[in-house]
Amino acid sequence: VKNMAEDARIAVRNIRRDGMDQIKKAKAAGMSEDDQKLWETEVQALTDAQIKLVDAALETKQAEIMMV
């Protein structure tokens with residue numbers, strides 16, 4: 001279960017990296033620096049929220065396994 005949770009975290013981080021790359025490309029195409037910071041903050045907040053969900057699911061599943 002721990003390996004599956006780590007794989008999920010890695011997948012979320014890869015999506016974050018892709019999002020950050022798209023933001024950098026948009027900045028090069030004319031996005032303002034304020035918009036860049038706004039979107040980077042939003043992507044990071046979403047990433048943190050999803051990783052918390054993965055961690056919560058891990059804890060729940062570990063508790064279930066220990067009960068059996």
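**Salt bridges and helix packing**

Arg-9 and Glu-6 sit three residues apart in helix 1, about one turn of the helix. The side chains of this pair meet in a salt bridge, with 2.7 Å from N to O. Please keep in mind that this is a predicted model.

**Arg-9 and its partners**

- A search of the whole structure turns up five salt bridges.
- Is Arg-9 buried or exposed? Its relative accessible area is 13%, and the cut-off for buried is under 20%, so Arg-9 counts as buried.
- Glu-6 is partly exposed, with a relative accessible area of 31%.
- Asp-55 is partly exposed as well, with a relative accessible area of 26%.

**A further pair and the network**

- Arg-17 and Asp-18 bring their side chains together in a salt bridge of 3.8 Å, N to O.
- Arg-17 is partly exposed at 46% relative accessibility, and Asp-18 is partly exposed at 40%.

**How the two helices pack**

- Helix 1 covers residues 2–28, and helix 2 covers residues 33–67.
- The axes of helix 1 and helix 2 come within 10 Å and cross at roughly 175°.
- Why do helix 1 and helix 2 count as roughly antiparallel? Their axes cross at roughly 175°, and angles over 145 degrees are classed as roughly antiparallel, so the label applies to helix 1 and helix 2.
- The residues of the contact of helix 1 with helix 2 divide into 10 nonpolar, five polar and eight charged.

**Distances between the helices**

- Asp-21 is found in helix 1, where it is partly exposed at 34% relative accessibility.
- The C-alpha atoms of Asp-21 and Glu-40 are separated by 10.0 Å, while the two residues are 19 residues apart along the chain.
- Leu-38 belongs to helix 2.
- Is Leu-38 buried or exposed? At 51% relative accessibility, Leu-38 passes the cut-off of over 50%, so Leu-38 counts as exposed.
- Leu-38 and Arg-17 are 16 Å apart in space, C-alpha to C-alpha, and 21 residues apart in sequence.

- Which residues make the nonpolar surface patch of about 320 Å²? Val-1, Ile-65 and Met-66 make this patch.
- Met-66 has its place in helix 2.
- Met-66 is exposed, with a relative accessible area of 72%.

Note on methods. Residues numbered from 1 in each chain as written. Predicted model: local features only at pLDDT ≥ 70, side-chain atom pairs only at ≥ 80, totals over all residues. Heavy atoms only, no water. Patch = residues over 30% accessible without salt bridge, like charges linked within 9 Å, V, L, I, M, F, W, Y side chains within 5 Å. Areas by Shrake-Rupley, 256 points an atom, 1.4 Å probe, with all protein chains shown as cover. Salt bridge = Lys/Arg side-chain N within 4 Å of Asp/Glu carboxyl O. Helix = DSSP H or I, 4+ residues; strand = E, 2+ residues; numbered from the N terminus. Buried < 20%, exposed > 50% of the residue type's maximum accessible area, 1.4 Å probe, protein only. Axes fitted to C-alpha atoms, helices over the stretch in contact; angles between N-to-C directions. Parallel < 35°, antiparallel > 145°, perpendicular 65-115°, else oblique. Nonpolar A, V, L, I, M, F, W, Y, C, P; charged D, E, K, R; others polar.
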